[in-house]
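Dear colleague,

I am passing on a structure for you to look through, and I have set out below what was found in it. Please keep it open beside you while you read.

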Protein chains: 2
Amino acid sequence: MSERLTAIYHVTADAASIAARARAIAVEQSVEMPLEGIDDPYVLDHIVGRVAHIAEVAPGRYEVRIALATATIAADPGQLFNMLFGNTSIQDGVDLVDVDLPATLRDAFPGPNLGIAGLRALTGATARALTSGALKPQGLPPAGLAALAARMAAGGIDLIKDDHGLADQPYSPFTRRVDAVMDALDTTAARTGHRTHYLPSLSGNLDAMRAQLRHAIGRGVSAVLIAPIIAGIPSFATLVREFPTIGFMTHPTLSGIARIAPPLFYGKLFRLLGADAVVYPNHGGRFGYTQATCFALAAAARAPWGGIKPCLPVPAGGMTQARIPEMLDFYGPDTIVLIGGALLATRERLTAEVAEFVAAVARHPFA
Amino acid sequence: MSERLTAIYHVTADAASIAARARAIAVEQSVEMPLEGIDDPYVLDHIVGRVAHIAEVAPGRYEVRIALATATIAADPGQLFNMLFGNTSIQDGVDLVDVDLPATLRDAFPGPNLGIAGLRALTGATARALTSGALKPQGLPPAGLAALAARMAAGGIDLIKDDHGLADQPYSPFTRRVDAVMDALDTTAARTGHRTHYLPSLSGNLDAMRAQLRHAIGRGVSAVLIAPIIAGIPSFATLVREFPTIGFMTHPTLSGIARIAPPLFYGKLFRLLGADAVVYPNHGGRFGYTQATCFALAAAARAPWGGIKPCLPVPAGGMTQARIPEMLDFYGPDTIVLIGGALLATRERLTAEVAEFVAAVARHPFA
């Protein structure tokens, strides 16, 4: 039998039907046709998916492990998702919960360019958690956004990411925004000695994103924000390879489909394709992830995984200054604490609030 | 107030909380920060989303209409999805069910290159439904796939699409597959006088897909298959614009997230970005769509919509020859009847079965 990966699904079914359902998934995610129509022995032996294991994990809920031929993926990032969950994603009662990749397939993908060590080297944060703010609201002109960035930088924050809604709109074109924000951050750094890094949000097609990256790098940008499900999985993976010195923070917008388990989707697959830091909705914010999901996601992002560098979790989505100690206790120091709107809502106190945020992270005693 | 589109959500909530929930969606899909942190009057007046209407549509379920500024989208295909449903897609209990676009925004997108009339002109099917088969299983070499294509073409089928799992794998590289299949179809057409059109499946990043299209066009291909959620929404829209004489059939793989209503997702948004024909899981097959969903999807794909050409529905996913009359009664003649695995499973009777399929479609009396 040829080399296989293991895709792990949770399936709602009854005891009488789960074996047939599992076989149907194995066919759907491989040849997608009745096996009686196939007489080619290579296809039957080396391509057709195989049910490796079935176990009931809760009443009426089964874990199904399918062995899928890695030859169907051929190290193509889009095919990875297509073969893991493509048509099955449209079927009811089935979630993709994990995947076990053979080392050869795993190593065919780049993983993060910088990883945790690279982001620590970039920011000079050797042991503590990293701090991040968000640049918004969209609709502000470049000068307005740059002024906010300067005020956050003056408080000593490590990173400022664009809101994922900031694209290339006429009221704030990408190049003018990058120029204005980087000018503001350069000026602040010259005054305070602290370098805040700006992660502008890429948008448009692959060519547009390449041009945006080149412009940003020319202005001194070291890391960017990208939304893989908006940009497209192949475009994300392509940019990671083409810009190997740049850090990529991923945003989950449009990906919250909850049919791929978040620890796998963000913590493992986004990391595999090159996420150095992965934004996701933290428990207790505006989104519905549980504590257990968030913990598993962070653990997956950082876990040793062959030569694939570890990735920093970025729990976000309605975080506030009051939650800093609790978040640091929960996630530990290998984390980016991102506070977006709650900081900006402090208005004239923005720099002081950022300074207190930065101090709270710096002084937090890790157990 | 600046130009707005209307995004329509269905939200699970109770009467006491729905107003706040609707306002939260309006904020999430526009500025994504507390309004008290915003003092810029342009942002407050022209960018912040507004709740336009709330109505209970079922016990505990509300229709919420949000007016979103079209300026945030700036005619960017990725931004269209990002602003309609980005972060809200990650929240529980909310579906995007429809969208009403002002004509200026609608007309900023290309719509289908060929549309229904173009696909009819291409195939010579002036009034009847179109017929399509699928080329699979993956794992077969180009010669094996070409032989299957020749046998389907000999039965007089209009279209043969690649299985969406066929990418650029070593066992069947795209260019060799296209060459082999087009050679086989040319030979068959010379003998029978009937031209079957082959729709190869694009894969990889934007550059790879462009190269695949150029190669395919050089071999006489007039239409292709693309999976927008795998390829990336911006890449799909870019290819439609760059290859304006080519038809695009979309495949739903990985898009079956059921949080965007299928009639909107496939019938309206895929069409807006350029789908000439849209594959989706028909009711009663291997997937869970209802009859009502399928009917609404087909209606949306074909409905008059300014200058956006209509698009052919392609109900699929486990269709059989026995269902042809029922499908034609249900969908009418502006449809592509796609029978994939069930035809191939007839093995040595493949050409005869295709001929019967084609005859059944041709003789079907429409009411």
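Are helix 8 of chain A and helix 10 of chain A roughly parallel or roughly antiparallel to each other? Before the answer, please note that this is a predicted model, in which local features need pLDDT of at least 70 and side-chain atom pairs count only at pLDDT 80 or more, while totals for chains, interfaces and linings use all residues. Residues are numbered from 1 along each chain as its sequence is written, and chains are lettered from A and ligands numbered from 1 in the order in which they are written.

Helix 8 (residues 206-218) of chain A packs against helix 10 (residues 233-242) of chain A at an angle of about 30°, and their axes are 10 Å apart. Axes here are lines fitted to C-alpha atoms, for helices over the stretch in contact, and angles run from 0 to 180 degrees between N-to-C directions; helices are DSSP runs of H or I with at least four residues, strands are runs of E with at least two, and both are numbered from the N terminus. The two helices, helix 8 and helix 10 of chain A, are therefore roughly parallel, a term for angles under 35 degrees.

On the side of helix 8 of chain A, the contact is made by Leu206(A), Met209(A) and Leu213(A), which meet Ser235(A), Thr238(A) and Leu239(A) of helix 10 of chain A; two residues are in contact if their C-beta atoms, placed from the backbone, lie within 7 Å. The residues of this contact between helix 8 and helix 10 of chain A comprise four nonpolar, two polar and no charged, where Ala, Val, Leu, Ile, Met, Phe, Trp, Tyr, Cys and Pro count as nonpolar, Asp, Glu, Lys and Arg as charged, and the others, Gly among them, as polar.

Turning to the two chains, chain A is superposed on chain B by a rotation of 180° with 0.0 Å of shift along its axis (RMSD 0.0 Å), and that is the relation of a two-fold axis. Copies are superposed by least squares on the C-alpha atoms of residues with pLDDT of at least 70 in both. In chain A, the C-alpha of Gly232(A) is the nearest to the axis, 1.7 Å from it.

The contact between the chains takes 68 residues from chain A and 68 residues from chain B. Helix 3 of chain A gives the largest share of the side of chain A that touches chain B, six residues.

With best wishes

Methods: Parallel < 35°, antiparallel > 145°, perpendicular 65-115°, else oblique.
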